[in-house]
Amino acid sequence: MSPVPASAEGPAPPEVPGSTVDLRVWQVVFIAVIAIVFTVAYLSLYAQLNKTIWGEDSLLVVTPWAIPAAVVFFSLLVGLSRKYLHAPDVIHEGFADSLKGGEGGKPDHRTFPGALLSSLFSLLSGASIGPEGTITLLLMYVSSFVRKRLRIESPSAALGFDVAALASAFNGVIGSVLFTGVFATEFQVGGNKNALRLLTWNLLAGTIGFGFYLLIGFPSFARSIPFEPMGEFLPVYILYAVALGIAGSLLAVFAGVSMQAAEKIMDRVFGGAVVTRVLAAGVVVAAVGYAIPELLFSGEAQIHGIITDPARFGAVMLLGMAIAKILLLALSFKSGYIGGPLFPIIFSSTLVGLALSLVFPGIPVAILVLCIEAAALTFALGAPLTSILLVVVVGTADQSMIVLLTLSAVTAMLIAARVKERMGERA
């Protein structure tokens with residue numbers, strides 16, 4: 001199912017040849033403010049619920065056996081939201097699809113309560129998903145609702161309006177004033193004849209969202225996993241970047257294969273039994289999380305303790321956890337949870353880099369981690385500029401590191417192109 005539910009009102013009207021994006025500046029500012037306020041409210045609600053349920057002083061942490069019970073309970077709620085409230089899902093979509101909004105689509109607003117509850121339950125369940133997918137989904141409901149009230153009907157204007165909403169939210173969440181300028185160009189508006197105008201609205205809305213986040217001091221992904229600068233730039237680092245680009249690509253290939261396998265297995269075993277499907281996945285997540293609590297949730301909070309002392313786990317354990325995280329990500333996507341792939345992929349890439357740093361202590365750990373992250377995200381999302389900028393913002397990369405990230409991303413793009421060519425030949 002698409003991350004944006006099918007319209008109950010029929011398809012959007014056809015584009016008029018030669019038409020332009022007829023948005024007004026005030027409309028862009030209006031949706032930008034609404035989008036960032038909604039996002040902050042949603043994330044604040046989630047943070048409060050997460051603290052109450054999963055916080056250090058909660059009953060779940062004090063009583064370890066309650067952790068798997070809570071995972072299964074929230075998974076059940078996700079399934080019930082899908083069955084009785086018709087909550088959407090991304091079961092038959094890919095990683096990149098979870099980050100895309102509708103191009104002038106009209107979500108059925110009758111399903112918004114289900115989408116909202118399923119999003120919160122998914123994030124609280126401990127499944128291996130990030131909040132960015134839930135934000136994208138919910139903002140498409142909000143944007144579509146506001147568009148209808150403002151009588152913005154042309155597909156080009158609708159696309160610009162939707163992308164402006166996403167820009168306002170994601171620039172704040174990621175912590176970069178330019179992030180969705182690049183994001184929109186690669187994901188949303190790159191092939192649109194009104195791309196420059198759409199990008200202008202995107203930058204305006206994104207600046208509003210970023211400024212709002214900055215003023216209220218709300219936490220973002222920016223600088224969430226910083227590493228020490230690598231220092232002197234050595235020629236051998238270029239070879240490292242290419243090799244790590246290959247490693248990140250292999251991790252992304254594994255993620256893609258896992259997604260396909262999880263979808264086939266879940267479809268074959270459970271079919272349309274939506275509650276049983278997500279409940280079974282919850283049992284698996286609960287079992288893994290009980291054994292290795294670091295693998296619960298997106299990994300955004302759990303990664304810090306691992307970075308502080310990776311030797312406590314050892315190289316083999318770190319690699320095993322990285323693989324398990326990817327498998328949990330695929331299982332979460334294909335069982336019915338709503339969420340995004342960004343931080344689970346960053347989590348796994350970081351663990352692979354830390355494992356390599358234990359084996360090759362002479363190589364700066366920042367190179368090992370950030371280059372793998374850039375390559376894995378580039379391959380998985382098919383968006384090199386977005387991936388590089390995301391890693392730069394999250395990992396606080398300097399100019400020398402950006403050179404290596406670019407080489408890793410290019411390596412991943414070349415490998416991805418070859419993989420697609422081979423798949424096309426087989427097809």
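Analyst: Accessible areas are found by the Shrake-Rupley method with a 1.4 Å probe, and for residues only the protein chains shown count as cover. On that basis the protein exposes about 17700 Å², and carbon and sulfur atoms supply 68% of this area. The model is predicted, so local features need pLDDT of at least 70 and side-chain atom pairs pLDDT 80 or more, while totals for chains, interfaces and linings use all residues. Residues are numbered from 1 along each chain as its sequence is written, and side-chain values use heavy atoms, with hydrogens and water left out.

Now the patch. Phe233, Ile238, Val242, Ile246, Leu250 and Val403 form a nonpolar patch on the surface, with about 470 Å² of accessible area together. (A patch takes residues with over 30% relative accessible area and no salt bridge; nonpolar side chains, meaning Val, Leu, Ile, Met, Phe, Trp or Tyr, are joined within 5 Å, and like charges within 9 Å.) Helix H9, residues 236-270, gives the most to the patch, with 4 residues. Helices are DSSP runs of H or I with at least four residues, strands are runs of E with at least two, and both are numbered from the N terminus. Isoleucine 238 is in helix H9. Its relative accessibility is 36%, so isoleucine 238 counts as partly exposed; buried means under 20%, exposed over 50%, and partly exposed in between.

Glutamate 263 pairs with lysine 334, and their closest N and O atoms are 3.1 Å apart. Because glutamate 263 lies in helix H9 and lysine 334 in helix H12 (residues 315-335), the pair ties together parts that are 71 residues apart in sequence. Lysine 334 is buried, at a relative accessible area of 2%.

The count of salt bridges comes to 6. Another one of them joins arginine 147 and aspartate 162, at 3.0 Å from N to O. Arginine 147 is in helix H5 (residues 132-150) and aspartate 162 in helix H6 (residues 155-174), so this pair links parts 15 residues apart in sequence. Both arginine 147 and aspartate 162 are buried.

As for the whole, the protein has 16 helices and 0 strands. Its radius of gyration (over C-alpha atoms) is 21 Å, close to the 22 Å that the globule rule gives for 427 residues, so the protein is as compact as a globular protein of that length. That rule is 2.2 Å times the number of residues to the power 0.38. Buried residues make up 54% of the 427 residues.

Conventions. Salt bridge = Lys/Arg side-chain N within 4 Å of Asp/Glu carboxyl O. Buried < 20%, exposed > 50% of the residue type's maximum accessible area, 1.4 Å probe, protein only.
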